[in-house]
Amino acid sequence: MKNITLHKLFAMVLTLVSSIMLSQTPVVSTAQAQTDFDAVEIQTLKVRDNIYMLVGAGGNITVQTGEDGILIIDTQYAELSDKNLAAIRALTDKPLRYIINTHHHGDHVGGNAELKAAGFTPSGGNVGASLSNAGEGATIFAHENVLLNMAGDDNMSTEMWPTMTYFAEKKDLYFNGEGVRIIHQPNAHTNGDSIIFFRKSDVITTGDAYITSFYPFIDMSSGGTLQGFIDAANSIIDLIIPEYGQDGGTLVIPGHGRLSDIGDVINWREMLTIIRDRILDMKQRGMSLEEVLAARPTRDYDPRWAGQGIFSTENFVTAAYMTLED
Amino acid sequence: MGKICCRVSLLFVFSIASFSALAEKNFSGVWVGNYSEDFPDRLPGPELGDYAGLPLNDADRLRAQSWSASLIALPEYQCRVHPSDYASSFANIRIWEEREPITEQLIAIRIQHFAWQTRRTIWMDGREHPPEYAQHTAMGYSTGEWVAHQLKVKTTHLKEGWLRRNGVARSDQATVTEYFIRHDDILTWTVIIDDPVYLDEPFIRNRDYIYSIDSQVGNYPCDPVIEMVREPGYIPHHLPGTNPDLLIYSERHDIPVEAAMGGANTMYPEYIERLQELPKPSELRAGQE
């Protein structure tokens with residue numbers, strides 16, 4: 001009984017901290033306070049012929065270019081919008097048409113308003129005649145939970161919100177000569193995660209459902225779960241066709257960290273699955289959260305994956321424990 | 001007189017250039033692995049629970065102890081290639097050069113391994129390594145330079161790999177330094193692995209190859225298949241403290257368990273004294289009877 005009470009208390013505290021730190025706009029404030037945006041340089045990595053990865057501060061940005069215009073995935077921080085726009089303009093002078101948000105965290109949607117304003121949505125006929133602002137700004141796509149999460153946050157202006165959402169398991173676009181599939185990945189990092197598959201370019205953008213930098217941040221306050229992360233990894237692996245063994249073929253742009261392929265995602269899945277099995281086994285044997293933390297079920301992975309704060313081992317194990325059903 | 005001076009100078013420059021080029025060893029050709037060293041670890045593969053002589057830390061030891069050989073039965077693991085820092089352990093290799101056709105400047109040295117038919121490039125044109133956010137691969141990103149008559153190679157951007165094929169992991173943060181040293185028809189290939197994640201000290205591995213004029217490097221096709229029907233996402237592994245195979249190596253060879261579990265101290269000659277103090281499995285069994 002005592003353990004259950006402590007667990008609930010811990011969960012409440014963790015949920016509160018998570019809400020403060022990442023799920024809502026204050027994450028922008030937290031990270032912003034630690035980031036010298038003037039010093040940030042946007043690096044551009046060519047992934048495939050017309051797909052690029054922009055690395056600055058916050059989440060990676062994917063850029064797809066072509067005759068139809070520009071599609072980007074995520075927008076980092078508002079403070080970096082001018083730099084990101086300059087990096088995009090260095091690739092093409094075509095109009096920015098689509099922004100896709102992988103989830104609602106501030107380090108991925110912070111630049112929505114500024115980049116949307118720099119874009120353009122074609123309109124005409126009845127739409128052009130009846131809506132005064134038709135054509136102004138790029139279209140922002142996201143799962144509807146992204147909109148709901150952002151709308152519940154007073155610090156996120158309406159200009160940042162998605163302008164078009166989907167609630168089914170997927171949403172398809174055809175842009176720049178290829179099919180673009182937006183796939184909802186439920187309850188991984190958050191309840192609104194999307195992974196995006198560029199079918200012709202053979203590139204997947206994962207948002208924070210897959211990262212290469214630290215342990216995953218399971219945002220419990222927004223519906224994130226460890227099992228959801230594992231399901232997401234399996235979904236990504238299902239989409240990938242390697243060139244040989246675990247190398248090459250489909251490329252993966254993570255939410256944070258380096259460009260990847262199947263080998264990296266397999267290692268990530270292996271780690272998450274093994275840690276899940278260990279924690280679940282401990283939980284099924286009646287071990288309390290405190291006992292599980294003391295047993296250090298991640299100690300063989302900590303030297304590689306442990307970070308600070310929300311990416312710490314304690315935070316990860318706690319959220320894993322709380323979200324695993326025994 | 002002026003023309004003579006010019007010709008003499010040019011001759012001098014060419015002489016220097018040729019001399020400089022002589023510092024570059026030519027490794028081109030097919031080389032056959034010499035298995036007189038570490039044979040069990042190379043072709044048959046290491047035994048389960050044999051981490052002796054590896055400077056692995058506690059975290060890597062647990063990785064190894066949790067590893068199940070069933071993992072490599074999963075389709076996505078069946079054709080996983082040996083990383084470049086491990087590939088030197090296997091079979092024939094072919095080495096060739098890529099040179100700029102006019103200046104003959106050495107641009108790259110290529111190596112093809114028989115094992116998994118992997119091919120790696122060692123860039124010799126002075127280029128920088130890519131940024132950290134660039135892709136990591138099994139071969140990594142290698143650049144080389146001549147140090148006297150040795151080819152010194154630095155490799156970064158490796159994916160997670162292994163130090164031994166029995167679950168001892170090498171992380172994706174590792175960097176590798178290699179030396180290729182040719183003594184006539186013998187090639188010594190030294191691999192030094194620095195892994196801040198899983199090693200307490202650098203791990204050094206030497207392999208010898210013999211030049212061959214009548215060998216080739218065969219192909220190595222691999223097509224993954226479903227060998228067992230399992231739940232999607234199933235990952236075979238042992239929970240801590242439950243691996244029944246950990247003592248196979250120490251009991252088969254009557255080596256104290258502590259030594260079999262490895263660690264930096266097990267690399268050094270001084271460890272022999274410690275080894276003599278430790279009980280052997282046979283002695284432990286006798287004590288129980």
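Colleague: How many bridges join E6(A) to strand E7 (residues 164-166) of chain A?

Modeller: Strands (E, at least two residues) and helices (H or I, at least four) are DSSP runs numbered from the N terminus, and two strands pair if DSSP finds at least two bridges between them. Here E6(A) and E7(A) run parallel and are joined by three bridges. Within E7(A), Thr165(A) is the bridge partner of Ala142(A). This is a predicted model, in which local features need pLDDT of at least 70, side-chain atom pairs count only at pLDDT 80 or more, and totals for chains, interfaces and linings use all residues. Residues are numbered from 1 along each chain as its sequence is written, while chains are lettered from A and ligands numbered from 1 in the order in which they are written.

Colleague: Which strand also pairs with E6(A) over three bridges, in the parallel sense?

Modeller: Strand E5 (residues 96-100) of chain A does. Tyr98(A) stands opposite Thr139(A) of E6(A).

Colleague: Which residues of the largest nonpolar core touch the most other members?

Modeller: Such a core is a set of buried Ala, Val, Leu, Ile, Met, Phe, Trp, Tyr and Cys residues joined through C-beta atoms within 7 Å. This one has 85 residues, and among those touching the most other members are Tyr210(A), Phe229(A) and Val265(A). H9(A) gives the largest share of this core, 10 residues. A second, separate core of 39 residues includes Leu48(B) and Met124(B).

Colleague: How many residues does each chain bring to the contact?

Modeller: Residues are in contact if their C-beta atoms, placed from the backbone, lie within 7 Å. Chain A gives 30 residues and chain B 29 residues. On the side of chain A, H9(A) supplies the largest share, 10 residues.

Colleague: What covers the buried residues of H3(B)?

Modeller: The cover includes H9 of chain A and strand E8 (168-170) of chain B. The buried residues of H3(B), which spans residues 58-66, include Asp60(B), Arg63(B) and Ala64(B).

Terms used
Two residues are in contact if their C-beta atoms, placed from the backbone, lie within 7 Å. A residue is buried if 20 or more other C-beta atoms lie within 10 Å of its own, exposed if 12 or fewer, and partly exposed in between; C-beta atoms are placed from the backbone.
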